[in-house]
Amino acid sequence: MTKAACTSDAWYKTAVIYELYVRGFQDSNRDGRGDFRGLISRLDYLVSLGINCIWLMPIYPTPGKDDGYDIMDYYGVNSEYGTLEDFRSLIHEAHSRGLRIIGELVLNHTSDQHRWFQEAKKGPDSPYFDYYVWSDNPEKYSAATIIFSDLETSNWSYCKENGYYYWHRFFHHQPDLNYDNPQVRQEMIRVVRFWMDLGLDGFRVDAVPYLYEREGTNCENLPETHAFIKEIRAVLDSDYPGAILLAEANQWPEDLVKYFGDGDEFHMAFNFPLMPRLFMSLQLEHHGPIIDIMKRLPTIPESCQWAMFLRNHDEMTLEMVTDEERDYMFNAYAEDRQMRLNRGIRRRLAPLLGNDRRKIELLHAILLTLPGTPVLYYGDEIGMGDNIYLGDRNGVRTPMHWNDNKNAGFSEAQPSRLYAPVITDPVYNFHSVNVEEDRNNRNSLFSWLRNLICIRRNFPIFGAGTIEFLYPDNKRVLVYLIRHEEMRMLCVFNLSPSAQPVEIDLSFLGNCIPIEIVGGTIFPAIGELPYLLTPNGYGYYIFHLFE
């Protein structure tokens, strides 16, 4: 299968990834749900934004109890989205525009409606019984936490058909696969090959840490998991060069870094520990939380990369914070308990930040300059709102706002047929918050973000460079230096709402001349004295340093 042309197998280091929900992006057949053909019709929009990789949420057949993460068939597509031929067309059309596509690889569990589990319920004589994890003792693996503690009381559920308990780290309708069974491992390798042969450019791998279970452990990050990921990686490296694996491993840095292996496991991993601390620093008006967690990140192999994000399709997880920090974040960003889910906050970016354009721009500026690959979530580029009353995580998965026509231009179906209502709240109403409005306004959030993405893509240093934090006396200002080969970039961010004078010791940079790359302004040369700047409230400077 011909793949998109690429200049390097390390394309992911300078990529800008855009996560989207096929169901919520564009409806082409008036059934109230997005589909592949609808997405194809919007690919030029994604090109205009400047992204070069699309991450698709699950597209498999599903009963729909967990938005596709409950899979009924790994070798098909959800009929609501179209056919496998439609999917091939999507791959072809994306590649022809220079866009790559990565999909979801949900290794940990299936739907309880999957044929394998339906057969497994018949008991130990079934050839599929050992595809899952069973016990007659629901106290087994008691050290493992219950992830969805709001909705589940145990990691075991009773199967009345065979009299055993089955293991599930997530919802009871998502039984975990048994990776101690070599047939399961072989089956999932076949799944990887199937989608790679269709032309995918890689996978975001869901719920990585939970693949194996061992008594006396918390059943996370076990050596066997790393061994199996190495098997998958070897297949990609051998037969699908340029394809990538992106880890969803919501872990502390010490465990998270292990998923890179020696450069032979994941190419990328989401930087979960950093994400909540970006919001924390903004609320505290202090650079400490960001610097502390970044300095805690161990060195990763040269071929690997962090994936940086502000928001995604899930709740804003607060797993990788202390109990005290979690309480602080709840009080600061989710006073209404309806906004909370599990150990996180189910809100989109704009509502989280009180729809403050300055805060939204500031966090994006940090996201797009920290070393790593930025991942954007659909709709955040226009400041879309959410609906916290839809339940679970559905409030941040509502239809994309394209224009101020019926159903926000998402679908020509009757509004009652939409899988979820468009946003009609006064502040985030689709009549004013939509793509058409933003694309026609040079001062819109979309236009600003498109410009910053363009700048980032013109300066590969942000994807490939190393970071050095500087420590001005004014802790309200975050300052770091990015280096790559002979190039240097100085980034200065004001985390407070008021202008902040800051003196930065830059004497080690000699007589460099800073050029602010967003506005193209030349600043005075750096000398021996501390360099004085006064960024506006939530303002920032991104300097290219010339000698």
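Let's start with helix H10, which covers residues 288-296: Gly288, Pro289, Ile290, Ile291, Ile293 and Met294 are buried there. Here "buried" means under 20% relative accessible area, "exposed" means over 50%, and "partly exposed" is in between, using a 1.4 Å probe and protein chains only. Helices (H or I, at least four residues) and strands (E, at least two) are DSSP runs, numbered from the N terminus. The buried residues of H10 pack against helices H8 (253-256) and H9 (274-284), and also against strands E15 (466-470) and E16 (477-484).

Before going on, keep in mind that this is a predicted model, where local features need pLDDT of at least 70 and side-chain atom pairs count only at pLDDT 80 or more, while totals for chains, interfaces and linings use all residues. Residues are numbered from 1 along each chain as its sequence is written, and side-chain values use heavy atoms, with hydrogens and water left out.

Now hop over to helix H1 (residues 22-25), where you'll find arginine 23. Is arginine 23 buried or exposed? Arginine 23 is buried, because its relative accessible area is 11%. Its side chain makes a polar contact with the side chain of tyrosine 81, at 3.5 Å. (A polar contact is a pair of N or O atoms within 3.5 Å; within protein, one must be able to donate a hydrogen and the other to accept it, and residues adjacent in sequence count only if both atoms are side-chain atoms.) Leaving aside neighbours within four places in sequence, arginine 23 is in contact with residues including Asp67, Glu80, Phe410 and Tyr419; contact means heavy atoms within 4.5 Å.

Next up is tyrosine 531, in strand E21 (residues 531-533). Tyrosine 531 is buried, with a relative accessible area of 8%. Which residues does tyrosine 531 touch, not counting those up to four places away in sequence? Among them are Val502, Ile504, Pro514 and Phe523. Isoleucine 504 is 27 residues from tyrosine 531 in sequence, yet their C-alpha atoms are 5.0 Å apart in space.

Finally, the cysteines. A disulfide is a covalent bond between the sulfur atoms of two cysteines. Here, a disulfide is counted when two cysteine sulfur atoms are within 2.5 Å, and the structure holds 0 of them. Cysteine 454 is partly exposed at 42% relative accessible area, whereas cysteine 512 is buried at 1%.
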